[in-house]
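Please read the numbered points with the sequence and the model in view.

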Amino acid sequence: MKTLKIVGRIFAIMQLILSVLVIYNVIETKMIPKGYIILASVVFVALFVLVFFFTKKKKKGFRISAVVISLLMCIIMCASIYYLAITNKTIDKVTGVKTEVEEINVYVAANDSAGSINDAVANNYVFATVATDDQTHIQETIDKIQADEGQTINTKQYESIFDLVADFDAGAVNCILCNKGTILALDSSEDYLDYSSGLKVIMEEQFEEEVADDDDDSTADKDHFCMYFSGIDTFGSVTQRSRSDVNIIAAVNNKTHTILLVSTPRDYYVPLSVSNGQKDKLTHAGIYGIDCSIDTLEMLYDIDISYYLRLNFSGFQDIIDKIGGIDVESEYSFVSETEEGTYSFTAGVNHLNGEQALGFARARHAFKDGDRQRGRNQMQVIKATIKKMESSDMLMNYSSVMDQMENSFQTSMEKDEVGYLVQSTISDGGWTVLTYSVGGADSTQKCYSLGGSAYVMEPNKDDVAKATELMNKVLNGESLTQDEINVYIESQDAEDVKNGTFENNEKNNYEDE
């Protein structure tokens, strides 16, 4: 009997210590409302008192109950501490990120005998650069090569990447020294599709940069704001400057618990914030940094964007597989053909694994309004993933899912700002998520980053104006429903059919997914 009393009290003390650790970790997440924390603390103290009271009883049954209750509580709390620690680690890593990496590479032909930068310098290769790249990092790379090799290298600058590769193919220059994103942009142009497959990298330099911030986030209204969701090249690093293939603005009103997702096609032909009025595809803004993408969208829609979130869709593939797939609503039955495979989808709900979900999100040639529908599908994938991660299936592979999330997205929002929104959701209920996408018409125009012509989408000014109107409605707390948005979309689709301004998908088949 005395032994049971001692064991019971030891477990009770362990239970109390673990209770304190659980509360500490819960507070650290910054996501649980104070009322819930106070309630949990009261419950933990009450359970401790109950267990301790039972240990004082002389009856064996009470003391056994005390040991069993305390043991179960200790096991539950240890598991809670484990999951909370993983959660805190992930949140700390993905929030408050205000840096990105620009990669400058030196390329030679895949069959070139030069296997290193030393070989290129020793053979007096001419290093070609392009004027539209960030010249600061280009020069820093040149300086490093010259310092390491102890000699001056020959360089030649071109006004456009098209002019550069023409000379490179002709043998007039031997090396290409440029931003990795510039080569990726070249890969998607009609005349140089998948050009990088004929190149090899003999030097790679990475530069970490602070994201320029024109707005003071400390004064941002946490209840009414816009956030930019940037989905980088499908298989790119989440930290790397690169083309932004997914461009979604979330207008958030935390008072009405309404979010409006506005998707802008990657090929939208707009002036970039760094191009002095020259136009380019929106996706190419990402080459110059996420701040360039933000500034460009702010100019397009005449709004302020307070935060950004970078997504890596290839990372979502693994997350979706780990949570057992997602149920995605499709407007149409269609077939998606990608480099990875061919996937068929039916109108209605489709249960998709990671690979299928990526195929669903990347498809556009299957639709008469191409990129506009792709944007809608991408928003459906995001919504379905969030919904599935709220379910109990998330717990099955919680640790591996959280690890993958670290590599799949980052946000400039601070931890306490994210926590504020989560607390509001727990206290006041879920969100109404509305979606809208802008459209446009086919065109072939000169692009700033390429210095030559490529397929673009000329913006539909009415769509852009409508997007601004809808975002302001949400931010101002005005009533808005998806049905109202759909009425406008259907009227515009009918007008596009009448005027023949839908994207010509046969023409655009050379564009990568």
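1. In helix H13, the buried residues are Lys415, Glu417, Val418, Gly419, Leu421 and Ser424. Buried here means under 20% relative accessible area, with exposed set at over 50% and partly exposed in between, using a 1.4 Å probe and protein chains only. Among the elements that cover these buried residues of H13 are H1, H3, strand S6 (224–232) and strand S11 (307–311). Helices (H or I, at least four residues) and strands (E, at least two) are DSSP runs, numbered from the N terminus.

2. The model is predicted: local features need pLDDT of at least 70, side-chain atom pairs count only at pLDDT 80 or more, and totals for chains, interfaces and linings use all residues. Residues are numbered from 1 along each chain as its sequence is written, and side-chain values use heavy atoms, with hydrogens and water left out.

3. Helix H13 covers residues 415–428, which is 14 residues, and reaches 20 Å from its first C-alpha to its last. That is close to the 20 Å expected at 1.5 Å a residue, where the expected span is 1.5 Å times one less than the number of residues. Just after H13, Gly429 takes a positive phi of about 105°.

4. How do the axes of helix H1 and helix H3 cross? The axes of H1 (residues 2–29) and H3 (residues 60–94) come within 8 Å and cross at roughly 25°. H1 is therefore roughly parallel to H3, the term for angles under 35 degrees, whereas over 145 counts as roughly antiparallel, 65 to 115 as roughly perpendicular and the rest as oblique. Axes are lines fitted to C-alpha atoms, for helices over the stretch in contact, and angles run from 0 to 180 degrees between N-to-C directions.

5. The crossing of H1 past H3 is left-handed, meaning that the near helix is turned anticlockwise from the far one by less than a right angle. By class, the contact of H1 with H3 has 20 nonpolar, eight polar and five charged residues. Ala, Val, Leu, Ile, Met, Phe, Trp, Tyr, Cys and Pro count as nonpolar, Asp, Glu, Lys and Arg as charged, and the others, Gly among them, as polar.

6. Lys30 counts as partly exposed because its relative accessibility is 37%. At 7% relative accessibility, His257 counts as buried.

7. Helix H7 (residues 180–187) is mostly covered, with six of its eight residues buried. These are Gly181, Thr182, Ile183, Ala185, Leu186 and Asp187. Their cover includes strand S1 (99–109), strand S2 (126–130), helix H6 (161–170), strand S4 (175–179) and strand S5 (199–210).

8. Tyr455 is in strand S19 (residues 452–459) and counts as buried, at 0% relative accessibility. Tyr455 and Tyr269 are 186 residues apart in sequence, yet 9.3 Å apart in space, C-alpha to C-alpha.

9. For the protein chain as a whole, the secondary structure comes to 15 helices and 19 strands. Its C-alpha trace spans about 95 × 65 × 45 Å along its principal axes. Of the 513 residues in the chain, 53% are buried. Among contacts (heavy atoms within 4.5 Å) with a separation of 6 or more, 74% come from residues 24 or more positions apart.
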